[in-house]
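Welcome, and thanks for taking a look at this one with us. Below is a short tour of the backbone and the core.

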Amino acid sequence: MQDYILYAADPFGAAAALPAGAVVGVYPFISAVGVRGTATDVRSGRVRVSEVGGTAPLNGTHGGKGVTVAVIDTGLEPRLEFTLGRNRIRAFVDFVEGKTSPYDDNGHGTAVTGILAGSGLLTCGAVRGGAYAADIVALKAIGADGEGSAFRILEAMQWIYSNRKKYNIRVLNLSFGAVPESRNDPLVLGAEALWDAGVAVVASAGNLGPKGGTILSPAVSPKIITVGGAEGLGAADFSSRGPAGLFHKPDLLAPAVDVIPAADPYAPQSGTSMAAPQVSAAAALVFESHPDYTPDAVKATLLKACRPLDCDADTCGAGLIDFSTL
């Protein structure tokens with residue numbers, strides 16, 4: 001698998017990893033495709049990429065249509081990628097300032113949500129989230145400084161638990177972490193309660209690698225899906241490693257270096273925070289195809305879709321998720 005980056009012409013200036021089999025010449029805004037910075041002009045013809053990373057829609061799915069994904073983060077700026085054509089922001093709840101209209105005074109939550117569920121309409125599908133048609137519930141529990149108390153995050157988890165059936169919330173993305181508590185960790189307990197209630201919880205492993213035993217909470221939970229960060233065909237140096245207590249973690253890896261959110265301003269982001277929403281998107285697609293699945297069944301499906309890597313289970317888990325095999 002090579003690291004292909006697609007370069008867009010003005011006015012968007014966007015770039016993104018291409019899904020397997022993509023024909024980049026069909027996108028009017030695309031001017032070149034590059035491998036690790038070496039660009040090839042495609043304006044004169046169509047270039048097919050045979051094997052690259054990225055979130056490709058599952059066969060028979062429509063971008064997570066009918067599934068609601070929740071994101072607990074710094075909020076959500078109501079960009080056109082979430083509202084154009086159909087406003088997919090079903091609910092916004094602010095546990096920091098108590099505001100009622102969507103906003104993001106940090107940017108992290110908007111980037112995460114763009115990777116997960118940006119529509120791609122502004123780039124003609126060239127840069128879009130894996131669950132580009134899913135409905136969105138955004139819960140702001142983290143402030144402008146990127147800090148959030150466990151109490152606020154638990155409030156947001158409780159809101160999801162109470163409203164999960166009303167909004168058909170099937171996936172929760174948690175692109176943050178805290179130092180785990182030795183016993184009865186509150187974030188783990190909250191995440192596992194949602195898991196048991198039918199919500200697939202996806203959490204970033206953390207960026208404290210390469211030292212072992214650095215998985216953050218709630219990603220240390222043996223139940224939920226823990227996502228480490230990949231760079232190429234291996235773990236990124238910064239990706240946190242297991243074990244997490246008696247369990248191997250992370251569960252799997254997803255690309256985590258220079259990931260382009262499908263939300264203006266399309267600035268590249270790195271970290272396991274950007275890997276987790278790719279897996280959350282894949283979980284939404286699985287739920288679209290199999291609405292009767294439990295979170296355990298979704299997790300098993302995603303782990304089976306991983307490409308084994310030449311590294312141990314506490315570094316790479318089951319390997320690098322290959323969306324084309326789902």
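Predicted model: local features only at pLDDT ≥ 70, side-chain atom pairs only at ≥ 80, totals over all residues.

Although asparagine 184 is not a glycine, its phi is positive, about 55 degrees. With a relative accessible area of 59%, asparagine 184 is exposed.

Tyrosine 266 also deserves a visit: its phi is near 60 degrees, a positive value in a residue other than glycine. Tyrosine 266 sits in the loop between E12 and H5. Is tyrosine 266 buried or exposed? Its relative accessibility is 4%, so it counts as buried, the cut-off being under 20%.

For context, most residues other than glycine have a negative phi, and most peptide bonds are trans. Two peptide bonds to look up are listed here.

| Cis peptide bond | Omega | Loop holding the proline |
|---|---|---|
| glycine 209 to proline 210 | near 5 degrees | between strand E9 (200-204) and strand E10 (225-231) |
| lysine 249 to proline 250 | about 0 degrees | between strand E11 (234-235) and strand E12 (252-255) |

The largest nonpolar core has 75 residues, and the members touching the most others are Ile72, Leu139, Trp159, Ile160, Leu172, Val227 and Leu302. Helix H5 (residues 272-289) gives the most to this core, contributing 10 residues. Leaving aside residues up to four places away in sequence, the contacts of leucine 172 include Ala70, Val71, Ile72, Ile160, Leu194 and Ser280. A second, separate core has six residues, among them Val127, Ile260, Ala262 and Tyr266.

Methods
Residues numbered from 1 in each chain as written. Heavy atoms only, no water. Core = buried A, V, L, I, M, F, W, Y, C linked by side-chain atoms within 4.5 Å. Buried < 20%, exposed > 50% of the residue type's maximum accessible area, 1.4 Å probe, protein only. Helix = DSSP H or I, 4+ residues; strand = E, 2+ residues; numbered from the N terminus. Contact = heavy atoms within 4.5 Å.
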